[in-house]
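Come along if you like.

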Amino acid sequence: KRRVRIHHLQQLKERGEPWPMLTSYDMYTARIFDQAGIPVLLVGDSAANNVYGYESSLPVTVDELVPLVRAVTRSVERALVVADLPFGSYQASPEQALAAATRFMKEGRAHAVKLEGGRRYAAQVEALVSAGIPVMGHIGFTPQSEHGLGGYRVQGRGDQADALLADALALQEAGAFAVVLEMVTAEVAKRVTAELRIPTVGIGAGPDCDAQVLVWTDMSGMNTGRTARFVKRYADLGGVLADAATRFADDVRNHAFPGPEHSFH
Ligand code: KIV
Ligand code: NA
């Protein structure tokens, strides 16, 4: 089985073949998504909300994410695994970014890292790429800047469009291999995708991006709560699990489990 490499993603863009990406934070989902042919898995800082129970992505640390990255990289045969640099691990300087990214590559055995922000983090992207670490950019609505952006708001409207394109071009120039576009208008995402040589990965960015990413707990219905408009729910895992747990509990209470077939003599 051949590993997915960054040049394969570039080839898919050139052939006009959209590719899927999902988040993953553990062994079973990594294995299942890898075997389902998902070429890129992201150990997102969304593990903050989806693993650790934080109310936003801001509190999660490198120490908390590295073991999840290691679990995912141990569990895939083909997928390219991208580790998300969390808030506070790269903003201060290229040196700080290199230290955090090195931990994800060395201890987590990640294949690439992702960081949020455009032009203002070009120096960080350059430093990582110079060190041989593939970098995925992330612009538009960037959850780590939720408070600075004034909440969950669609980006790139009106005269923000040129700034968004300038950010995307700066990331490409700095050596990024792909750029996530989050919650930007379909029109602007289409324009950025056409202007860039490297692939765009959309989330709430319309149908014209080169790739599409969703958070696995959202797309599978493991998260039974309210989700953003851009999420499509492909299953009701939360419902399936709740039903399994309820039936197990009933069986125990009714002396229906374990049966003879589950017992040793
Ligand atoms: O952390 C995350 O899950 C992400 C994706 C939504 C792109 O950054
Ligand atoms: Na993220």
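My entries below go from the annotated sites to the helix packing and then to the backbone.

**Ground rules**

I am working with a predicted model, in which local features need pLDDT of at least 70 and side-chain atom pairs count only at pLDDT 80 or more, while totals for chains, interfaces and linings use all residues. Residues are numbered from 1 along each chain as its sequence is written, and chains are lettered from A and ligands numbered from 1 in the order in which they are written.

**Entry 1: the active-site annotation**

I began with the UniProt record, an unreviewed entry, whose "active site" annotation covers Glu182. I keep in mind that UniProt positions are given in the numbering used here, that feature names are shortened, and that annotations may be inferred rather than shown by experiment.

I found Glu182 in strand 6, residues 178–182. Helices (H or I, at least four residues) and strands (E, at least two) are DSSP runs, numbered from the N terminus.

Is Glu182 buried or exposed? It counts as buried, because it has 23 C-beta neighbours inside 10 Å. The cut-offs I use are these: a residue is buried with 20 or more other C-beta atoms within 10 Å of its own, exposed with 12 or fewer, and partly exposed in between, with C-beta atoms placed from the backbone.

I then listed what Glu182 touches, not counting residues up to four places away in sequence: His138, Gly140, Phe141, Thr142, Ile203, Gly204 and Ala205. A contact here is two C-beta atoms, placed from the backbone, within 7 Å of each other.

I moved on to Met183, which lies in the loop between strand 6 and helix 9 (186–195). Its phi is near 45°, a positive value in a residue other than glycine. Met183 counts as buried because it has 22 C-beta neighbours inside 10 Å.

Next I looked up Gly206, in the loop between strand 7 (200–203) and strand 8 (211–214). Gly206 has 17 C-beta neighbours inside 10 Å and therefore counts as partly exposed. Not counting residues up to four places away in sequence, Gly206 touches Ala186, Ala189 and Lys190. I also noted that Gly206 and Leu181 are 25 residues apart in sequence and 9.6 Å apart in space, C-alpha to C-alpha.

**Entry 2**

I placed Asp45 in the loop between strand 2 (40–43) and helix 3 (47–50). Asp45 is buried, because 30 other C-beta atoms lie within 10 Å. Not counting residues up to four places away in sequence, Asp45 touches Ser57, Val60, Leu65, Asp84 and Pro86.

I found Asp84 in strand 3, residues 80–84, and it counts as buried, with 29 C-beta neighbours inside 10 Å.

**Entry 3: two helix pairs**

Helix 4 (residues 62–74) and helix 5 (residues 94–106) pack at an angle of about 30°, with their axes 9 Å apart. Axes are lines fitted to C-alpha atoms, for helices over the stretch in contact, and angles run from 0 to 180 degrees between N-to-C directions. The two helices are therefore roughly parallel; that term takes angles under 35 degrees, with over 145 roughly antiparallel, 65 to 115 roughly perpendicular and the rest oblique.

The contact is made by Val62, Val66 and Val69 of helix 4 and Ala100, Arg103 and Phe104 of helix 5. These divide into five nonpolar, no polar and one charged. Ala, Val, Leu, Ile, Met, Phe, Trp, Tyr, Cys and Pro count as nonpolar, Asp, Glu, Lys and Arg as charged, and the others, Gly among them, as polar.

I then checked helix 8 (residues 160–174) against helix 9, which pack at an angle of about 35° with axes 10 Å apart. Ala161, Leu164, Leu165, Ala168 and Leu169 in helix 8 meet Val188, Arg191, Val192 and Glu195 in helix 9. This contact divides into seven nonpolar, no polar and two charged residues.

**Entry 4: backbone notes**

Most residues other than glycine have a negative phi, and most peptide bonds are trans. I noted Arg109, not a glycine, with a positive phi of about 55°. Arg109 sits in the loop between helix 5 and strand 4 (112–114) and counts as partly exposed, with 15 C-beta neighbours inside 10 Å.

What kind of peptide bond joins Phe257 and Pro258? I found a cis bond, with omega about 0°. Pro258 is in the segment after helix 11 (237–253).
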